[in-house]
Amino acid sequence: MVNLAYVIAGSEATGGAGIQADLKTFQELGVYGVGTLTCIVSFDPRNDWGHRFVPVEPQVVADQFEAANATYDLDVVKIGMLGTPATIDVVAQSLASKRWHHVVLDPVLICKGQEPGAALDTDTALREKILPFATVITPNVFEAKILSGMERIESVDDLVEAAERIHALGPDFVVVKGGVELPGPDAVDVLFDGQEITVFSVPKVGEERVSGAGCTFAAAITAELAKGNDVERAVGVAKQMVTEAIEARVSSNAPFDTVWQGAFTH
């Protein structure tokens, strides 16, 4: 029996993040991936590698969802970048049309290709309309500060407090990722299930952010849940995979490196 995992996310034209990273991750973990595209993001090498953002027409998003779910029995989905309130509306309606075993939300709160007002509207819509579906949410430090209302997250205790606050918003499981943004020698993530905190910690691999790490982390959790593993086990696999993918990062002509999921050893 082939395990299936579904992702609703944007395209990132360099292949380092977005739905490209998600589908690579699913494949590496032995899961058949199905994807619905919400937007196209490309970097502009002639303008300081700034973001160029093009949303997919909402009806086209709905059509993709309909086709994917008519073709396969999908019940585990990762939600990545949605991009606009209109896209969020149609994704929320689509998610509500069926039952899900797990919804993994990677809460991409800011698109650098949007104006500040549009980004704020998108953030608000995501919290109000998509977050209630999430069984697992995977914010980084920046996203955790916004969702938790905390001004600073600078320690493992702060990660724990943020996870507890975000859990109160509704998700069953919260994974707050410290990454390179948390001071200290280790990359620390905390998982809160409503009762217990589990800490995942490994030595940092450098001090620079690597493109695709967050996407890969949430996608790995999604794939492991699709295989029937519990959330703690899924987060452990995701942590290992991202660490190895960062160690084997791919360099390019862009001012950032990207993770390589193919480095993961089962």
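Analyst: The account below takes up the ring pairs, then a charged side chain beside a ring, and then the neighbouring strands.

The model is predicted. A pair of aromatic rings is described by the distance of the centres and the angle of the planes. Rings count as a pair here if their centres lie within 6.5 Å, and by this rule there are six aromatic pairs.

One of these pairs is formed by Y6 and F65, whose centres are 6.0 Å apart with an angle of 55° between the planes, a tilted arrangement. This pair joins distant parts of the chain, for Y6 belongs to strand β1 (residues 4-12) and F65 to helix α2 (residues 58-71), 59 residues apart. Y6 and F65 are both buried.

A second example is the pair of Y32 and Y72. Planes under 30 degrees apart count as stacked and those over 60 as edge-to-face, while the rest are tilted; the planes of Y32 and Y72 meet at 55°, with 5.6 Å between the ring centres, and the pair is therefore tilted. This pair also links distant parts of the chain: Y32 is in strand β2 (residues 32-44), whereas Y72 is in the loop between α2 and β4 (76-79), 40 residues apart. Buried means under 20% relative accessible area and exposed means over 50%. Y32 has a relative accessible area of 39%, so this residue is partly exposed. Y72, at 27% relative accessibility, is therefore partly exposed as well.

Ring pairs also join Y6, F65 and W100 into a cluster. The face of W100 has K98 lying over it, 4.6 Å from the ring centre.

The strands β4 and β5 come next. Strand β5 covers residues 102-105. Its residues H102 and V104 point one way, V103 and L105 point the other way, and all are buried. β5 pairs with β4 in the parallel sense over four bridges, and in this pairing V76 stands opposite H102. Together, β4, helix α3 (residues 85-95) and β5 make a right-handed β-α-β unit. β5 also pairs in the parallel sense with strand β6 (residues 136-137), over two bridges, where L105 stands opposite I137.

Terms used:
Residues numbered from 1 in each chain as written. Predicted model: local features only at pLDDT ≥ 70, side-chain atom pairs only at ≥ 80, totals over all residues. Heavy atoms only, no water. Buried < 20%, exposed > 50% of the residue type's maximum accessible area, 1.4 Å probe, protein only. Lys NZ or Arg CZ within 6 Å of the ring centre and 35° of its normal. Pairing = 2+ DSSP bridges. Right-handed = clockwise from strand over helix to strand, strands pointing away.
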